[in-house]
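Visitor: I have a structure open and would like to learn how to read it. Could you walk me through it?

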Amino acid sequence: GRAQEAGYSLLRFGGTGNDYLTYEFRGTKCPEASDTKQCLNETTWRSLLSFTEAAEAKMIFGVSLNTGLDAQARRLSGDFPYPWDPRNARQILQWTIDNHFDHLLFGFELGNEQNAKYTAQQAAADIQVLHNLTLELWPDASKRPVLLGPDPHSYHNSEIDMYVKDWLKETRKLGVPIFAATHHEYTEVDSTSFTSAAALSVSGEIAAAVNASVRGEDPTVHIVGGEIGPHNGGSPTCTHDYMRWASFGDSLWYADALAAKARNGYYALCRQDYIGADYGLVDCSTGTPLPDFYTGLAFATFMGPKVLDTNTSNGTVRSYAHCAAGATDGTVAALVINLGDKHSAVSFPGLGNVTSAAVLAPSGEEGLTNATGLL
């Protein structure tokens, strides 16, 4: 959190299993656990909030639609529950307020990747219910968490659908204030494409398409990459034999994606994920930082929010420039990514001399598959 200009980072709690959750608060008892029925109790929630505070972060809390509880009903009727029932959400949020943790809640999402199950109009009506709940629980608008959505399933290329745009239109009709439009994205980068300029460019192409779509409906709402990772695929078992993205090569994609989203006006990129499976920022079994952790830390430390225009004449070198984080004297921070297999000399005409440089490179053995990276 200290590296962020706002003084805190954002930690998202959500994902597929989120919509299977029952909150065991204020007398509500969880059902017997199964693949689609899971429980969040006071002890786990308190621990997660305490972690958020210790990390100097604020949470984007994905509120459960509780669709897993209705698996049997869906088989009989084919319908998902609608409209959303906010009673269980009210219980966990009231507990959070009563225990003085609500200052850690940056905002709310409702449901995860439900665009195949609910129309944009239905999803907008559901988040209006959540909005009314926040008005009830936080009458002081200055303390009220914001709303983000609709978190549709992953974009894989620039051929995006109109779900986000349609949802924004419907929420505007209902008078629901939306802080940020969100989407999920997995461009399926792996060890065969870590140094492919075409593969890395997909992140920027999606960002440009999303920006054009969202801005065509609402010129003021923020854009957030609500869940972005190198690949799609849920949560395989934590094993070092299967950590395909725990490598230095993945940092080339991650650094480029961070800069490409910023260049296209994104407010934030929520990386999937911090810990877990084979695409986390830290080792899923030991918690040891992986190369992408250092990439994210370096980007937040050096690259400020104001984006500058830049280009390069070298096809294997990608470059981005921002006003340096925290600088007031015109200092520029540049991100330079070398996709080639040879060293390249880089100059910055008109900007003077480079005063400092941070180089992210594999430590120990060389190579893109090295699972360590140090500044």
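Guide: We'll take the sheet, then a pair of helices. This is a predicted model, where local features need pLDDT of at least 70, side-chain atom pairs count only at pLDDT 80 or more, and totals for chains, interfaces and linings use all residues. Residues are numbered from 1 along each chain as its sequence is written, and side-chain values use heavy atoms, leaving out hydrogens and water.

Visitor: What is the strand order in the open sheet?

Guide: Helices (H or I, at least four residues) and strands (E, at least two) are DSSP runs, numbered from the N terminus. Two strands pair if DSSP finds at least two bridges between them. Here seven strands line up as 1-4-5-6-7-8-9, with parallel pairing. Strand 1 (9-13) and strand 9 (268-271) are the edges, each pairing on one side only.

Visitor: Over how many bridges do strand 1 and strand 4 pair?

Guide: Strand 1 joins strand 4 (residues 57-63) over five bridges, in the parallel sense. L11 sits opposite M59 in strand 4.

Visitor: And how do I read two packed helices?

Guide: Two packed helices are described by the angle between their axes and the distance between the axes. Axes are lines fitted to C-alpha atoms, for helices over the stretch in contact, with angles from 0 to 180 degrees between N-to-C directions. The axes of helix 3 (residues 87-98) and helix 4 (residues 120-137) come within 11 Å and cross at roughly 30°. Helix 3 and helix 4 are therefore roughly parallel (angles under 35 degrees count as that).

Visitor: Which residues of helix 3 meet helix 4?

Guide: With contact meaning heavy atoms within 4.5 Å, A89, R90, L93, Q94 and I97 of helix 3 meet L133, E136 and L137 of helix 4.

Conventions
Parallel < 35°, antiparallel > 145°, perpendicular 65-115°, else oblique.
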